[in-house]
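Morning, everyone. I have one structure to go through today, and I will keep to what can be read from the coordinates and the record. Here it is.

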Amino acid sequence: MAVSRNLQGWLLAAPLTAVLAGFLVLPILTIFIVSFWQATEFSIIPAFSLENYQFLLTSPVTYQVFFKTFVYAALVWGLTLAIGFTVAYYLAFHIRSEATRMVLFLLCTIPFLTSNIIRMISWIPFLGRNGLANQALMSLGIVDAPVEWLLYSDFSVVLAFVHLNTLFMITPIFNTMMRIDRSLVEAARDNGASGWQILTHVIIPLSKPGIMIGTIFVLALVMGDFITVRFMSGSQSANVGRLISNDIALLQYPSASATSIVLLAVVLLIIGALMRFVNIRKEL
Amino acid sequence: MEPRPRSFYALTAFFVLFVIFLYGPTITIAILSFQGPQGGLTFPMNGVSTYWFHNLFEQQAVGDIWGSFRRSFALGLMVMVATVVISVMAGLAFRKRFRGSAALFYLTIASLVIPSILVSLGVGLIFDRFGLKVHWATSGFGAQLTWTLPFGLLVMFAVFNRFNPSYEEAARDQGASAWQTFAHVVLPIIFPSVVGVALFGFSLSYDEFARTLLTAGSYNTLPLEIFGMTTNVTKPVIYALGTLTTAFSLLIIGAFLLAVWITARRRARRMASLAKAG
């Protein structure tokens with residue numbers, strides 16, 4: 001019986017296992033191996049050398065770039081959490097009709113299914129030198145000359161990250177909030193709790209699993225990104241992802257691999273620590 | 001009904017601002033894509049025309065837009081079908097504990113959080129080592145699945161967490177085979193979510209950039225083509241392209257939502273007629 005149960009599970013899970021083995025585990029192992037190789041300008045040479053790691057870990061650029069990656073992650077996490085929680089709370093507790101709630105939730109979801117690159121490009125007419133923001137600031141007399149740091153700056157990088165990733169906070173938090181027993185809120189109110197007290201003593205503690213899942217998503221996406229930083233900073237800022245993609249562009253695969261392994265270790269450590277606080281399967 | 005608290009109005013204002021933040025930029029480029037032939041990348045509008053849309057379809061004006069669109073569409077369909085089949089199977093597998101299920105679950109989550117560029121790099125390296133040519137339909141296809149499958153599986157978990165097994169037991173008690181139980185009982189119940197997984201599969205593939213960057217080979221997918229354009233195009237033609245691809249995405253989303261709505265309505269009507277007959 002136990003054998004047939006295992007067998008059925010294995011057969012049904014076989015395609016998933018095969019894809020992940022071939023296109024996730026094997027590639028990561030390959031990156032790990034190649035990270036010890038050496039490279040010339042034209043080719044990569046199998047070897048066992050710690051040179052790539054030595055160079056990486058002694059270069060001040062590495063630390064600057066990792067620091068920048070953490071700064072982006074922290075800023076985007078704080079902003080998406082604040083916005084995502086507020087939106088989820090509004091949808092879950094202030095919208096009374098189920099149909100309205102679904103429509104408004106879909107409204108938040110749809111942009112996620114459109115192109116990220118197009119969504120980044122669409123900030124140009126807003127933030128550019130002659131963009132809407134500068135036109136408005138100048139016509140209101142707040143500034144005399146166009147503000148230069150709106151586009152192609154850290155500001156626009158963070159703005160785009162928030163624009164692209166807030167949904168990953170909204171969805172899990174909203175999902176958790178919808179599962180909160182409404183009688184708990186009633187009980188708190190009957191006992192004289194103010195709206196603020198209900199929020200901080202009942203809703204926020206019970207929303208923690210959703211907040212955790214959202215945090216995992218946002219941190220993973222921001223820390224692993226390279227394209228948002230490249231495009232929105234106008235190639236003027238670098239995070240770890242860009243360090244990797246620059247090496248790839250120069251065909252320095254061993255060096256790119258070593259950086260990848262370090263980034264992977266950092267991301268998995270952080271996500272692994274967060275996973276201890278939440279049982280993802282139960283919360284879905 | 002009790003009166004709305006004051007916070008309701010503040011939160012409504014916040015929500016409206018958020019929606020403007022989400023959609024404002026996209027609407028702006030949709031408007032600017034109708035710039036006149038002399039118009040630039042920002043306001044003011046220099047006349048109104050469909051010049052840039054025509055420009056998009058002229059030969060050699062930009063890269064191989066149509067070819068890349070066809071490839072992205074085909075790849076999207078392939079990824080969609082694979083994602084639906086594999087996620088539903090895995091979702092069924094995970095309903096019961098089997099040896100290795102916990103490890104497979106963590107591996108799936110890892111697939112979601114591992115930076116896309118690592119998948120791209122790793123798959124590219126493997127193909128290179130084995131002397132295979134990277135191609136969007138092989139290496140690109142596999143690399144994209146590592147992104148769509150975790151989403152599919154998470155949706156399946158959400159579905160089966162809420163699934164009432166007594167329907168299946170009833171079917172089995174009446175002598176239905178395992179396949180009949182799945183096809184006539186389980187599948188109809190989970191159908192709306194399966195449509196959701198299909199929509200995710202197609203859209204995430206159609207818009208994927210990082211995972212196809214080093215795995216698509218010499219024939220670009222549409223996002224790669226668009227990104228190539230961003231580095232040298234300084235005319236509203238890129239807005240026209242953005243407007244068209246976004247419109248196409250919205251069309252697809254609309255079609256899927258319509259499918260779910262129609263099945264839900266048909267089912268409600270059948271239930272009503274059954275209730276009347278009973």
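Before I count anything: a helix here is a DSSP run of H or I with at least four residues, and a strand is a run of E with at least two, numbered from the N terminus. By that rule chain A has 14 helices and 2 strands. Please keep in mind that this is a predicted model.

Now the overall dimensions. Along the principal axes, the C-alpha atoms of chain A fill a box of roughly 80 × 70 × 30 Å. Chain A has 284 residues, and 43% of them are buried. Of the contacts in chain A with a separation of 6 or more, 68% are between residues 24 or more positions apart.

On annotation, an unreviewed UniProt entry places "domain: ABC transmembrane type-1" at residues 66–274 of chain A. That span is 77% helix and 0% strand, and its end C-alpha atoms lie 20 Å apart.

Next, the two chains together. How many residues of chain B are in contact with chain A? The count is 70, and they meet 69 residues of chain A. On the chain B side, the elements giving two or more residues include helix H3 (65–93), helix H6 (136–161), helix H8 (178–207) and helix H11 (237–277) of chain B. Helix H1 (6–32) of chain B is also one of them, and H1(B) gives the most, with 15 residues. As for composition, the side of chain B that touches chain A divides into 49 nonpolar, 18 polar and 3 charged residues.

That is what I have; questions are welcome.

How values were computed: Residues are numbered from 1 along each chain as its sequence is written. Chains are lettered from A and ligands numbered from 1 in the order in which they are written. This is a predicted model: local features need pLDDT of at least 70, side-chain atom pairs count only at pLDDT 80 or more; totals for chains, interfaces and linings use all residues. UniProt positions are given in the numbering used here, feature names are shortened, and annotations may be inferred rather than shown by experiment. Two residues are in contact if their C-beta atoms, placed from the backbone, lie within 7 Å. Ala, Val, Leu, Ile, Met, Phe, Trp, Tyr, Cys and Pro count as nonpolar, Asp, Glu, Lys and Arg as charged, and the others, Gly among them, as polar. A residue is buried if 20 or more other C-beta atoms lie within 10 Å of its own, exposed if 12 or fewer, and partly exposed in between; C-beta atoms are placed from the backbone.
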